[in-house]
Amino acid sequence: MPDRPATPEAAADALDAHVREIVRWHFSPDTGCPYWLEQARTLDFDPLAIESFDQLLQFPHFDDEILRKEDPARFIPKAFEGRPYNVFETGGTTGMPKQRIGWDDYKTDYTEFSEHYGPDFFPQGANWLMVGPTGPRRLRLAIEHLANLRGGACYFIDLDPRWVKRLIGMGEMRMAKAYQEHVIDQAATIIRHRDIGCLFTTPKLLESLAERMSLVDAGIRGVFAGGTTMTPQYVRFIEEEVLEGRINFAPTYGNTLMGLAISKKRAPGEYSLTYHAPQPRAVLRIVDPENTDRLMDYGDYGRVELTTLTKEFFMPRFLERDEAIRRQPCDEFPWDGVGDVRPFQSGTKTVIEGVY
Amino acid sequence: MHLPILRLGRTYESCDRVDLDLGGGQVAVTHTANPGLIRRDLLRIGEAKATLDAIPADTLAGFCEEAAELFLHAELPCGDTTQSPDGYVEALSALTRLPHSLVRMNMTKVHAAMSQVRTVIGGLTRGMPLEIFDAGLTRLDDLSVNYYPTTNSLGVSLPSNAPAVNSLWIPAPVMKIPVMLKPGREDPFTPLRIVQAMIAAGFPKEAFGYYPTTHEGGDTIVTCCGRGISFGSDATVQKYAAYPSVSVHGTGRSKILIGEDMIDRWEEFLPVLVESISANGGRSCINTSAILVPRHRDAIADALAAELAKITPLPRDHECALLCGFANSALADGIDDLITAHLKEPGAEDFTARHREGPRKIEAFDQVYLQPTLVACSDPDHPLANTEFMFPYASIVEMPQAAMLGNIGQTLVVSAFTEDQDFIHQLLLSPDIERLNLGPFPTNRVQWEQPHEGNLFEFLYHRRAIQGNVATV
């Protein structure tokens, strides 16, 4: 298990200390990046004076359009100058992609994820299969790192979510389904002909794969899934029927900008998911959509706000296109969690999500 | 009252649920099926079909006839409780705002479809014996005939506004095809009551799937079953255009065409015109939405509007109630606003406005109603001339008889008031008409030996050439 603070108070203190370190890193001419050093001149406060997470609320919400418009190189911290870096793009965005650069963050996140689960959850030495968006995505390298870290190799079947999104936009539902079947065909072939013990995929692809074969009989022992809404009913269905109650299941919430939030352990018969951000490297808050300075009460839905705080990437108060229930800290993660995540305003308007 | 999912013989309680207000503090809770769950059940559909295959079709037809009586008269299982016929009427009326009288009328239609299932299937198969569903083989006039099922399941996504459309799928289990049903959101009761009546009469419970679900779940049912039926608008038709396995019952745009030879007798047809427009609260695709006449447009419009204006809101439990309230008042607002906006375009007049009391949209008996509306259009291309709405609405347009067939467009039902043989000949050959009534009959007339829209038998079964030693079979 990773070394985490023992209490919410200790977690808050650790977060404040981390905030001081990261803000100073990004806004100091010796270490910071051109984008934030330039932004600092437009702010009506001194970021170097920030002492705590609460004081980050002085920043306006980060506009992710910046990640389309700005050259990603403007986010290279001076301290990292000259080091080769990865350019990662966000999932299903069409048009000019949103890009984030990185060095080791994905390894840090997925090493922590690996440590969170014991050696048996995803059997040590087992090979992995990732079925989902590869290409310029952080996830592709992250899953391979995870497999390698646990002593296995990783096979990949790509799915291009941008093409699926375009097909759906054109009303080509049949073609979208045919493309999904093409992806599943390839995944089924790999599982049948190679020794695969663990899977990473999206819930929908997982369902489709399990319609082709018994994943238990195919030797799958652990599944790591994320990417779309998972209601309690959906989680129950996946665990009871798709995984036949015999495969370990690790649902996660994450993206290129945050990393990944692990779901806390659930009691038997409990299917509602609560995710906890990889604090202090990222912080998730559930805020009032009408007044985003205000946290929602525990148990209430609100908009998900993400703050990323690593030496590689600083992103204050980005409003995700998701909403979730604010959940209490727990023993595993002594900081707030986000529960039953779903697309923002999906209760009041039609939202297309889960294209894969 | 909880209404769980029925998964081919197994009851399943979902964690995702929808509360439906039945009034008086009562709530019906439907359990929502996720699409994957439906696909998972389809993996076992062969077992469901085997349970039907094990029973002779003649026996299944007998079960269906018995089920008709149970549907109409019995206390039947309804989720975690039971429901009497009166309880069904009250609950369905509360959710759909159909008056009790119309719910009962729809019940009798469903009952007729079940009790006359042999006639219905005989009409669909053109008189083949039911053994065709047991052996796939029969003889007609010394000719061996072989039909085979094209699917092992029929998926149906049902609407909320017309309980009687359930009669469309009722022959399928008798034809040994299991059904997967998505009830309309506001009518979870009708398909469930039919299924429970059929099970109580002897059908194997494994032959039925009942899945309250999302739009995505509805798509799954109609596209993943070997054959699917959906109901909806032109957009629904377009949505499933790429799926030859899906039959869409879209906008009806049903019409009455009065020929040159009968137009001068228009006054005697007024009751038929009123019934065609207003029966079932004007909610059906077989309600008349346009009347084409060669002359006397304004006189007919004025007289017809006067009759329609007499149809006013009554309490839902009033035995003469005909108008339906709108469960979603925003829908009524949208329809009313659209008609009002289009009336501002030249060439259309709301004749009912001359006769009715108050505006089209009114609130009465704790509900929102749209009162009957008849719009006379001088141009067949006016946006109000060939459209349909979910209340008693129709347009009347004057044009020469010779121009009528060129103007109707795709039409579910045409009632042609004519005895002109040339006109009748043209009508019989028109590709735009799904169902044709010859003579002064209402468009909502149903004859059970005629297919409603498409032929379910031909949808579920295909004929194959068979030759050789057939006698040894």
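Guide: Let's start with a term we'll need: a crossing of two helices is left-handed if the near helix is turned anticlockwise from the far one by less than a right angle. Also, keep in mind that this is a predicted model.

Visitor: Which helices of chain A pass each other in a left-handed crossing?

Guide: Helix 8 of chain A does that as it passes helix 9 of chain A. Their axes, for residues 203–212 and residues 232–242, come within 11 Å of each other.

Visitor: Why is helix 8 of chain A called roughly parallel to helix 9 of chain A?

Guide: The two axes cross at roughly 30 degrees. Angles under 35 degrees count as roughly parallel, so helix 8 of chain A is roughly parallel to helix 9 of chain A.

Visitor: What makes the contact between helix 8 and helix 9 of chain A?

Guide: Helix 8 of chain A brings A:Pro203, A:Leu206, A:Glu207 and A:Ala210, while helix 9 of chain A brings A:Tyr234, A:Ile238 and A:Val242. By class, that contact has 6 nonpolar, no polar and 1 charged residues. Glu counts as charged.

Visitor: Where does chain A touch chain B, going by its elements?

Guide: Helix 8 and helix 9 of chain A are the elements that give two or more residues to that side. Helix 9 of chain A gives the most, with 6 residues. Across the interface, 11 residues of chain A are in contact with 11 residues of chain B. On the chain A side they divide into 4 nonpolar, 2 polar and 5 charged.

Visitor: Over in chain B, what makes strand 4 and strand 5 a pair?

Guide: Two strands pair if there are at least two bridges between them. Strand 4 (residues 17–23) and strand 5 (residues 26–31) of chain B have 6 bridges, in the antiparallel sense, so by that cut-off they pair. One of the bridges links B:Val18 to B:Thr30 of strand 5. The two strands form a hairpin with 2 residues between them, and B:Gly24 in the turn has a positive phi of about 60 degrees.

Key
Residues numbered from 1 in each chain as written. Chains lettered and ligands numbered in written order. Predicted model: local features only at pLDDT ≥ 70, side-chain atom pairs only at ≥ 80, totals over all residues. Axes fitted to C-alpha atoms, helices over the stretch in contact; angles between N-to-C directions. Helix = DSSP H or I, 4+ residues; strand = E, 2+ residues; numbered from the N terminus. Parallel < 35°, antiparallel > 145°, perpendicular 65-115°, else oblique. Contact = placed C-beta atoms within 7 Å.
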